[in-house]
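Me: I would like to go through this structure term by term. Please set each value against its cut-off.

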Amino acid sequence: MNQERFWRGLVYAALVFAALYYLIPLYVMLTTSVKDMEEIRTGNLLSFPQNIGFAAWGKAWSSACTGVSCDGLSGYFLNSVKMVIPAVLISTTLGAINGYVLSKWRFPGSNIVFAMILFGVFMPFQVLLLPMAQTLGWLGIASTTTGLVFVHVVCGLASTTLFFRNYYVGIPDELIKAARLDGAGFWRIFWRIIIPMSTPIIMVTLIWQFTNIWNDFLFGVVFSAGDSQPITVGLNNMANTSTNVKEYNVDMAAALIAALPTIAVYVFCGKYFVKGLSAGAVKG
Amino acid sequence: MTMPVRTAQYGFAERWLPRLVLAPSFVLTLVFLYGFIVWNGYLSFTTSRMLPNYEWAGLAQYITLFDNERWWVAVRNLVIFAVLFIGGAMGIGVVLAILLDQKIRFEGAIRTIYLYPMALSFIVTGTAWKWILNPGLGIEKLMHDWGFTQFTFDWLVNSEMSIYTVVLAGLWQSSGFVMALFLAGLRGVDDSIIKAAQIDGASLPRIYWKIVLPALRPVVFSTLMVLSHIAIKSFDLIMALTGGGPGYSSDLPATFMYSMAFTRGQMGVGAASAMMMLMAVAAIVVPYLYSELRKDGNG
């Protein structure tokens, strides 16, 4: 029995050690962001802040330099909000409809359509960048939030379709058949039967898309300029602006500001977040 | 499993409505994914530099690409990064999942802690680790303050070691995710098999090695897929952490492509490198998708 207790102690110790490994960077970000530069130079990564102040947060939000302009992250944050809301809603809606067709209204060739859409989940988006840049220019939406929303919808379709399709496959076909006998049509079945059963998968998809699109950097840096750049681009510009003295407290505050929305989603809807990750990983 | 609803019994509208509804997404996919692959492939055979043009150049851009030392640095880095990142994340993830599976108190809270980095942008992770690994004020200073005055840590500015900082930060961000996948897999393993093995006197490590892990093969497989896919697409983390530097010592194919296509006016080379990335991904993914979909069809 003693030996068993020893092993359990060891297991707990290992788990706590791992927890520290994941938490320490967050601790370092938080404490660094409330120190002043003097304290950063004299103290060290783990030293607890002596005089807590939020000057760095204020600066990161409204006056830190991101390349040429010095207006902080507030504008970028707003751009991200304006981009993420339509992109998430449109891609989720289309995904739900596609998933419904591909699971409940299959037609000859629908599996091929599904496979073709599915490859988009894995595609390295580098192959899209050059043609997309030119096309957005032709459409007159280059370097605009509309352009970014469009790119995110096109590239998000694969995941959202996959999520809904795999979820709807689990809904018994008998339900659909019964509704058909009662005279319900395509849309009526969708609204009255499918959608009311879809709350979990809608949550999973919304959260998955929100996290991905908010965190995206590749499309942001390639397809946006000036007043449409999302927060990840703003943060990267700020942290890599090499003017005079580096202000690590401002960088950390900026990183936390950029992380807050997705962290909040994770904390409040963690259950769905984990489900989304597994759904995204375990296909078919 | 699902039987396709027979369409013959429905009216004309009902028969065509599903296809009509699917059409916009299908067209978007066809044009913007597959069409663009072809377009990008064509660009890679042209003389495009600052601006795209459509003057045929044969394999010239690929020859330039394969003669470019920077490309081979990026490829070598991808191999190093992929092996360490995938191996490390699998190792850490499996161990943590098995430990967490021992009827642990506060399991929910611990799981939340392990997984939260996955909610962060790689840009956030990169910015944070750039500060932690800072050669002057980061870990090095911490060790000095603790009395290890000889300790030096210059990986971020050392072109031999910079790619390993990307591995460190990548592992921190993604290993919790692997843990979550494996934990879900472990929960799906039938308890009675484990009980029976215990009664037969098998030790716990042996049970895991011989019974539980083999049962997790599908999870291992899909986790491998996802991780290798993350590795090949890695872009943000490098941009935020090292910017590909010092020099181009920590470039990966994704950052190489971006730099050629959008900052160095070598569009054709950029397009060619993107095609190489696509082929690498396709070589891994197409057989996987094929087997998954076949299974689906039979299931």
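Me: Why are H12(A) and H5(B) called roughly parallel?

Reply: H12(A) and H5(B) count as roughly parallel because of their crossing angle. The axes of helix H12 (residues 231-239) of chain A and helix H5 (residues 122-132) of chain B cross at roughly 20 degrees and come within 10 Å. The classes are roughly parallel under 35 degrees, roughly antiparallel over 145, roughly perpendicular from 65 to 115, and oblique for the rest. Axes are lines fitted to C-alpha atoms, for helices over the stretch in contact, and angles run from 0 to 180 degrees between N-to-C directions. The crossing is left-handed, a term for a near helix turned anticlockwise from the far one by less than a right angle, with right-handed for clockwise.

Me: What kind of model is this, and how are residues and chains labelled?

Reply: This is a predicted model, where local features need pLDDT of at least 70, side-chain atom pairs count only at pLDDT 80 or more, and totals for chains, interfaces and linings use all residues. Residues are numbered from 1 along each chain as its sequence is written, while chains are lettered from A and ligands numbered from 1 in the order in which they are written.

Me: Which residues of H12(A) and H5(B) meet?

Reply: From H12(A) come A:Thr232, A:Leu235, A:Asn236 and A:Ala239, and from H5(B) come B:Ile123, B:Val124, B:Thr127 and B:Lys130. Contact requires C-beta atoms, placed from the backbone, within 7 Å. By class, this contact has 4 nonpolar, 3 polar and 1 charged residues. Nonpolar means Ala, Val, Leu, Ile, Met, Phe, Trp, Tyr, Cys and Pro; charged means Asp, Glu, Lys and Arg; the others, Gly among them, are polar.

Me: How many residues does the contact take from chain A and chain B?

Reply: It takes 81 residues from chain A and 90 residues from chain B. On the side of chain A, helix H1 (residues 2-33) gives the most, with 11 residues. That side has 56 nonpolar, 19 polar and 6 charged residues.

Me: What makes B:Lys103 exposed?

Reply: B:Lys103 has 7 C-beta neighbours inside 10 Å, so it counts as exposed. B:Lys103 is found in the loop between helix H3 (69-100) and helix H4 (107-115) of chain B. Its phi is positive, about 50 degrees, although B:Lys103 is not a glycine.

Me: Is B:Phe106 buried or exposed?

Reply: B:Phe106 is exposed, with 12 other C-beta atoms within 10 Å. B:Phe106 is also found in the loop between H3 and H4 of chain B. Its phi is positive too, about 60 degrees.

Me: Why is B:Pro52 called partly exposed?

Reply: B:Pro52 has 18 other C-beta atoms within 10 Å, so it is partly exposed. B:Pro52 lies in the loop between helix H1 (12-43) and helix H2 (60-67) of chain B. Beyond its neighbours within four places in sequence, B:Pro52 is in contact with A:Leu130, A:Gln134, B:Leu43 and B:Met267.

Me: Where does H6 of chain A bend?

Reply: Helix H6 (residues 126-138) of chain A bends by about 30 degrees at A:Met132. The bend is the angle between axes fitted to the seven residues ending there and the seven starting there. A:Met132 is one of the buried residues of H6(A). Just after H6(A), A:Gly140 takes a positive phi of about 75 degrees.

Key. Helix = DSSP H or I, 4+ residues; strand = E, 2+ residues; numbered from the N terminus. Buried ≥ 20, exposed ≤ 12 C-beta atoms within 10 Å, placed from the backbone. Contact = placed C-beta atoms within 7 Å.
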